[in-house]
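Opening the notebook on this one. I'll jot down what I look up as I go, one spot at a time.

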Amino acid sequence: MTTRARTEAWSSATLREEKFWPIDLFTRSLTLLVANKLGVFEQLAGGPRPLVDIATNSGADLKGMRILLDALVVLEYLKKTGELYENENDTTLYMTKGSREYIGTRLLHIYDGLDRWLRLEDLVRHGQKYKYRLPEFHKTPAEQKKRTREFTIGLSESSRSTAALVAKMLDLRGVKDLLDVGGGAGTYSIEFVRKQPKLRAVVFELPIPARVAREQAKAAGLEKRIRVEIGDFLSHNLGKQVYDAVFLSNIIHNLSADDNRRLLEKAWVSLRSGGRIIVKDMMPNDRRDGPYYPLIFALTMLMFTDSGDTYSEAEVRRWLKEIGFVRLSRKTVIRGENSILIGWKK
């Protein structure tokens, strides 16, 4: 083979690897998810430990745990010194309970939902309702409640830093009453009332997330300024001219276009004259060929919702304009991932 031929072959191989690098990402993801499930990172929160201790405390096979730990080392979640393993600094920050940046509960929920991803072909072929044939929909009510609570807490873990960023970004001066629709654990409302001393917030949620929101508001010492109301925003009204702002964070991607329009109409009714709606979500461009994250996330909606999708900024703007919102403006929260649209009621 000539030098030129070898160079062309190498270039082709390099391009191939770059193009198809996600092929083995599921192995990396599973390594992290299984380690979290087995409590590896929690065991190492107190410092370095030998393999035999970690395997014994996890109830795991010695060889299996050794292979898992060594993989975690090469993936830079752990460090290894001699026969001892310990957490990397970032691992301690994100993967050990008690840390403000802890995301372990969120990862447990992701691990629990892997069955759906393995049925992606069926969902693409047969549609979103096919998911009801999966085993998880035959769990007991107690198991379903536990899953919902873990999901709510997990979302709170992963949204704390974004909520703080959004609270800094939004000018809520003059807003006295804010409705947080589908506000989950109240993470955004907590940041909003911390930033604005005169603001009162209402988190409108289903019973299990509502319970978590009350717990978090109390833990933050804000239970007097954050009220939690139980309800289904698709079937219940949101009030009439009682709020200065309505906030919807990552709500519209769970719903169909028709349900979104009906929800935004309810928000319009609930706002006082001069009030504003704030819609935060993952919005692909109008051609639906980017950015990466909103389009990949649409697959998650195919897996986990009856009719959800990701919607472009143009689609959301059209809904808002048709309902009557004016002076629409946009803010970028995380480039390529999250945006905010703000509209005003005359």
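I started with an open sheet of 3 strands, and I read the strand order as 1-3-2 with antiparallel pairing. Which strands sit at the edges? Strand 1 (49-50) and strand 2 (78-81) do, each pairing on one side only. This is a predicted model, so I keep that in mind for everything below.

I then checked what packs against the sheet. Helix 5 (residues 62-74) does, with contacts to strand 2 and strand 3. I noted that the direction of helix 5 makes about 110° with that of strand 2.

Next I looked at how strand 2 is joined to strand 3 (residues 84-87). I found 4 bridges between these antiparallel strands.

I moved on to His-109, which I found in helix 7 (residues 104-112). Buried or exposed? His-109 has a relative accessible area of 10%, and buried means under 20%, so His-109 counts as buried. Leaving out residues up to four places away in sequence, I have His-109 touching Arg-147 and Phe-151.

I put Glu-205 in strand 5 (residues 200-205). Its relative accessible area comes out at 11%, so I file Glu-205 as buried too, given the cut-off of under 20%.

What does Glu-205 touch, not counting residues up to four places away in sequence? I listed Gly-182, Gly-183, Gly-184, Ala-210, Glu-229, Ile-230 and Gly-231. For Gly-184 I wrote down an atom-level detail: the Glu-205 side chain reaches the backbone nitrogen of Gly-184 at 3.0 Å.

Last stop was Arg-327, which I found in strand 9 (residues 326-334). Why do I call Arg-327 exposed? Its relative accessible area is 60%, and exposed means over 50%, so Arg-327 qualifies.

I have Arg-327 touching Ile-342 and Trp-344, again not counting residues up to four places away in sequence. I also looked up Arg-327 against Asp-259: they are 68 residues apart in sequence and 23 Å apart in space, C-alpha to C-alpha.

Terms used. Residues numbered from 1 in each chain as written. Predicted model: local features only at pLDDT ≥ 70, side-chain atom pairs only at ≥ 80, totals over all residues. Heavy atoms only, no water. Helix = DSSP H or I, 4+ residues; strand = E, 2+ residues; numbered from the N terminus. Buried < 20%, exposed > 50% of the residue type's maximum accessible area, 1.4 Å probe, protein only. Contact = heavy atoms within 4.5 Å. Polar contact = N/O pair within 3.5 Å; in protein donor to acceptor, adjacent residues only side chain to side chain. Pairing = 2+ DSSP bridges. Axes fitted to C-alpha atoms, helices over the stretch in contact; angles between N-to-C directions.
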